[in-house]
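I'll jot down what I look up as I go.

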Amino acid sequence: MIAELGQYALVLALALALVQMVVPAWGAAKDDPVLMGVAGPVAVALLLFVSFAFAALVAVYVTSDFSVVNVVENSHSQMPLIYKITSTWGNHEGSMMLWVFVLAAFGGLVALFGGNLPDRLKANALAVQGAIATAFLGFILLTSNPFARLVSPPAEGRSLNPVLQDPGLAIHPPLLYLGYVGLSIAFSFAIAALIEGRIDAAWARWVRPWTLAAWVFLTLGIAMGSYWAYYELGWGGWWFWDPVENASLMPWLAATALLHSAVVMEKRDALKIWTILLAILAFSLSLIGTFLVRSGVLTSVHAFASDPARGVFILGILSVFIGGGLLLFALRAGELRQGGLFAPVSREGALVFNNLFLTAATAAVFVGTLYPLALEALTDAKITVGPPFFNLTFGGLMLPLVAAMPFGPLLAWKRGDLLGVAQRLTLAAGLAVIAGVVTAAATGGGPVMAAVLIGLGIFIIAGALTEIAERAGIGRVPARVAWARFRGVPLSAFGTAVAHLGVGVCLIGIVSESAWSLERIASVKVGDTLSIGSRDLTFARLENRSGPNFTARTAVFDIHSGGVSAGTVEASRRMFAARQMATTESGIRTYGFSQLYLSIGEETPDGHLSVRVTWKPLVTLIWLGAVVMAIGGGLSLADRRLRVGAPRPARRRIAQPAPAE
Amino acid sequence: MARLRSIALVLLLLLSGAVPAFAVQPDEVLADPALEARARELSRELRCMVCQNQSIDDSDAPLARDLRLLVRDRLKAGDSDRQVLDFLVARYGEFVLMRPVFSLRNALLWGAPLLVLVLGACAAFLTFRRRAEPEVLNWTAEEEARVQALLAAEDAADAGDAAPEPGAVKAK
């Protein structure tokens, strides 16, 4: 019964989405406030119906209703409750439901909190949201119905893939989808602006909070996914340049570029056409990501061609939204007026530099991901584009970008003084050199490039702090004045500094893990000892354990550091009876920012166990850096001036006289 | 869902017999650390052809193990890194290389990022140049004559005392 109600709610939601697509747009064209006014209530109603359908799907999962095909294929009555809930979106149909749910939520939020938007812009933007919802609801109902019933239900389900039975599944996909789908708001506003043929700085002010929120979610989602892969897959890698990873990285890169170009648009009324194009591209890349992951095209071009129903539908959605968006852009972009002149060396110029390199980096990932598919489809030739390609091209493009990062926020708008900025960064550069030299000395002169990059990371962190110090006038004015000014620095400036600092932190983690990891691979018996760095690991015992729906073989190692006992680390292999599948649980011990990573392999009949122990120096900085970036985004989002509908208090203008605004 | 899907894929591949774990097994490791390090470097450049986008260094598939042993055999036989890669390409084709070769066929692949960067830089440069020219300079010949006349009159009056900026006019 619940399943039928859920499906019925989905059908009604589709009808509402159609209304939301057609009526407000018609009203905007006719300049009819009543028709335009339909958009808001319908968007909220759509959210209610989609929420109901989603809740219905969660309900059939929680109650293990094995008359629903989707539940049979992905759930099991003995799974813990948390995994019964998360397995709702741990499969194709359910993940599309989550996608639409997030989409409807964003649409509903625009309707509820978009009171200060011009009627026409709001109506058109919600109409575009309605169009996207129509497409995806249609996709679900026609090709991927999660509520389909079985005539003769089995007594037990086939269980969720054991690798996915992890708290990561509760967090990672929702975060990622909040990011992907959040970019649809920027897209809808861009299309609405193109339909009107008019755009101004206020547009950027409305769009930026949504983009920023999407970016924060995407950043956290990608970092979370990376950490999940790191601890779950068992070989300690944290980024594989896998097409599905690239699918999430590309929208992130485009969204990062969009955030920066929207700043120029908001403050200086420049880069408008480019910003609109980026808004379209960012969401297009989200759609392409969805297509890559959902259509099966990645497994094989031929597999896609042999079962094309879903793939062709998604391809249709792609052509309509990306093709339509770009066509509209080509037709109307000429009518948008450019404003705001600026010199090449200026804050605007720095942001153009940022956009140039981010776009080229996106292109590198895009081509690297799709080139093998295109080549195979066109010529039947098979090539591999793996990590070496991406490290070279993407890395090569990111380095100048992050090296230039400390300069940008210190440059003045319109016309900047590069020499002056360089002088103000002297202290940061000095710290960077010291850090590089100390690193090289401490690591015994290892790879020179790695020491240089550590220096770069310190330069970025110190540069970000320099910006705040400069704004507060620390060192130039008396401490009390500096404190007062520090408190007056707008949150968005703190946001910029913290996010940039996060990039430096992340870079240090990446470099350190890549350059100075230690590894031991050995076959050990109980009682054997392995040394890694300053630590000794003694194989204490191998035991059997059992969980709610699995049994485990767990290897326990005692750690000794300099002869002193320092706890234990355990790694295990779990056997899941429902699917006859095994997973590895790696043993991880964190020391400061570094980690000891243990994974175990096969047991031999004579009692040997193959183990791999890795020492990963500063590895956690990779994800902490991403979290710091997201905090920066959050700070910026909390700035009153960016909050939708919040008027700027007059007091603040007085409180911050000096900053170059 | 991205990560999830890749985990699922990886898992499906691993299911074909082996238990998921780290790839390189203790019995594969060469006694000579320098040679072993080279083997690991090479392994990261080679694809496990039956896997979804994994190098043989990361994969547990039996084929990956065979290839890892093959690489080590070639190294022990005294091959250079280049020779090992060439040997594998001759056997399995370009597909085995994680780093696509620089060739005409891959020109677009390697060139695209650079192309975007150069085209973008050109576009930005042109925008700056076009917009650096003040729009007032787009006056007609008639207006130009009037300006010249006014300037001449002013010159005569002030006798070069307050000469106008020459650049603004000459730029035409």
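Strands here are DSSP runs of E with at least two residues, helices are H or I runs of at least four, and both are numbered from the N terminus. This is a predicted model, where local features need pLDDT of at least 70, side-chain atom pairs count only at pLDDT 80 or more, and totals for chains, interfaces and linings use all residues. Residues count from 1 along each chain as its sequence is written, while chains are lettered from A and ligands numbered from 1 in the order in which they are written.

Next I followed the strands. β1(A) runs antiparallel to β9 (residues 609-616) of chain A over 7 bridges; two strands pair if DSSP finds at least two bridges between them. Both belong to an open, antiparallel sheet of 4 strands in chain A, ordered β1-β9-β8-β7. At its edges I found β1 (518-524) and β7 (587-591) of chain A, each pairing on one side only.

Then I checked confidence (pLDDT, the predictor's score for each residue, from 0 to 100). Chain A averages 88, with 95% of the residues at 70 or above. I flagged residues 644-661 of chain A, where pLDDT stays under 50.

Last, the interface. I get 42 residues of chain B in contact (C-beta atoms, placed from the backbone, within 7 Å) with 58 residues of chain A. On the chain B side, α1 (2-14) and α5 (107-132) each supply at least two residues, and α5(B) gives the most, 10 residues.

Definitions and conventions:
Two residues are in contact if their C-beta atoms, placed from the backbone, lie within 7 Å.
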